[in-house]
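Thanks for coming. I have one structure to show you today, and I will go through it in order. Please have a look at it first.

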Amino acid sequence: MKRLMICVAATAVALSGWMAWAQKPAEAEPNFWMKKKLESSQHILAGLATADFDQISKSAKSMNNLTQIERWTRRTNAEEYRTQLRVFRFANEDLVREADKKNIEGVSLAFSQLTLSCVNCHKLIRDADKSDSAAKAPAKDAKVDEAAPK
Ligand code: HEC
């Protein structure tokens, strides 16, 4: 009987461990946020085509709130990833500024910079997936841009 109790207890412990593990994938859903981002960028493009600065500004701001991609900074090529994240944020803030000024050229430029940051960050992720171990270690003195304003 005592043995059975121990066995049951051990199974319960193992099961709760497994359940905690099994729940993990549910929290890792970057694609949901990225799809939202894709939607926002499509709205921005529509706003650009019709010179609808309100729509541009609104969509850029909602994209700014999607900071979920941050968690990926723990990847091996974290340094490059953070750089792309900064480029993305800068382009996005620029987009809001230029939209508020109703400057269609400025908005177009910021939008193409934003698009480039999508492409470059995804390229980085694909490269890292291909060969995680081959990813370069960050340079020793790569602290320089740590002090850059957010
Ligand atoms: C700083 C990095 C970064 C930037 C910038 C970025 N993304 Fe992503 N994106 C990611 C990561 C990480 C994933 C998840 C990839 C994976 O599942 O391995 C992702 C995935 C996606 C997906 C989902 C793909 C799929 O398989 O369903 C879409 C769509 C997407 N991004 C759109 C965009 C758009 C549009 C932009 C620019 C407006 C953008 N992303 C900018 C990091 C980034």
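The protein contains 5 helices and 0 strands, so the pattern along the sequence reads α-α-α-α-α. Of its 150 residues, 15% are buried. If we take contacts between residues at least 6 apart in sequence, 62% of them join residues at least 24 apart.

Now, confidence. The average pLDDT of the protein is 74, and 60% of the residues score at least 70. Where is confidence lowest, and where is it highest? The lowest is helix α1, residues 2-27, with a mean of 45, and the highest is helix α3, residues 53-64, at 92. Within residues 4-8 the pLDDT stays under 50, and the model has 0 contacts there beyond four places in sequence. Residues 133-150 also have a pLDDT below 50, with 7 contacts in the model beyond near neighbours in sequence. Where pLDDT is low, the predicted coordinates should not be read in detail.

Next, helix α4. This helix covers residues 78-100, which is 23 residues. From first C-alpha to last, α4 reaches 33 Å, close to the 33 Å expected at 1.5 Å a residue. Its buried residues are Tyr81, Gln84, Phe88, Ala91, Asn92, Leu95, Glu98 and Ala99. After α4 comes lysine 102, which has a positive phi, near 55 degrees.

On to the ligand. How many residues surround the ligand? There are 19, and the closest are Met34, Leu85, Phe88, Cys118 and Cys121. Phe88 has come up already, as one of the buried residues of α4. Three helices, α2 (30-50), α4 and α5 (104-130), each supply at least two residues of this shell. The most come from α2, which gives 7 residues. Sorted by class, the shell has 12 nonpolar, 5 polar and 2 charged residues.

Last, asparagine 120, which sits in helix α5. Is asparagine 120 buried or partly exposed? Asparagine 120 has 15 other C-beta atoms within 10 Å. A buried residue needs 20 or more and an exposed one has 12 or fewer, so asparagine 120 counts as partly exposed. Valine 87 is 33 residues away from asparagine 120 along the chain, and their C-alpha atoms are separated by 9.9 Å.

That is all I have.

Technical notes
Residues numbered from 1 in each chain as written. Predicted model: local features only at pLDDT ≥ 70, side-chain atom pairs only at ≥ 80, totals over all residues. Helix = DSSP H or I, 4+ residues; strand = E, 2+ residues; numbered from the N terminus. Expected span 1.5 Å × (residues − 1). Near = placed C-beta within 6 Å. Nonpolar A, V, L, I, M, F, W, Y, C, P; charged D, E, K, R; others polar. Contact = placed C-beta atoms within 7 Å. pLDDT = per-residue confidence, 0-100.
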